[in-house]
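Thanks, everyone; before the discussion I would like to walk through one model with you. Please have the sequence and the coordinates open as we go.

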Amino acid sequence: MGMGLILRRAGRGADGIRALQGKTKALGRGGRVCLAAGMEWIQVAGVIDQAEADLLVACGVPMLGFPLRLPVNAVDVSEAEAGRIIRGLRPPHCGVLITYLERAAEVLAFCRELGARAVQLHGPMAPPELAALPSPSLP
């Protein structure tokens, strides 16, 4: 599995994109990532089941978020169901693991387990752990 960094548009032009580098990591497949520079995207988090995921995809939402392994709050969907939903998504849609995990190896292993191509990190992560996550690459 190829790995890459998601770049989201923040403001206008390359400065806004550079401002987000290193903050949103992603796992790509075959050198592809969910987002390309200069595109605006929406993530809807807290997907509860396949029917809701199908509705979001039909509405054009490209990034479906799944908060899992949280220190607070109940999960919206089981890890097994989230994995089934995420593995069923096709580009330009992708599943986003939302987690408080603090170790790069755990984050990457969980992304692979789920088939998630992106991760949104919420908890603290030490700089060496963050540096251990995939290097940036664009399609």
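I will begin with confidence, then turn to one residue, and finish with cysteines and rings.

This is a predicted model, in which local features need pLDDT of at least 70 and side-chain atom pairs count only at pLDDT 80 or more, while totals for chains, interfaces and linings use all residues. Residues are numbered from 1 along each chain as its sequence is written, and side-chain values use heavy atoms, with hydrogens and water left out.

The protein chain has a mean pLDDT (the predictor's confidence in each residue, from 0 to 100) of 74, and 67% of its residues reach 70 or more. Over residues 1–38 pLDDT stays under 50, although the model has 100 contacts there beyond four places in sequence, a contact being heavy atoms within 4.5 Å. Where pLDDT is low, the predicted coordinates should not be read in detail.

Now to Q43, which at 27% relative accessibility is partly exposed, that is, between buried at under 20% and exposed at over 50% relative accessible area, with a 1.4 Å probe and protein chains only. Leaving aside residues up to four places away in sequence, Q43 touches M63, G65, V96, I98 and Q120. Its C-alpha atom is separated by 6.7 Å from that of V61, 18 residues apart along the chain.

As for cysteines, C59 is exposed, with a relative accessible area of 58%, whereas C111 is buried, at 1%. The structure holds 0 disulfides, meaning pairs of cysteine sulfur atoms within 2.5 Å.

Lastly, R69 lies over the face of F110, at 3.6 Å from the ring centre; the criterion is NZ of Lys or CZ of Arg within 6 Å of the ring centre and within 35 degrees of the ring normal.
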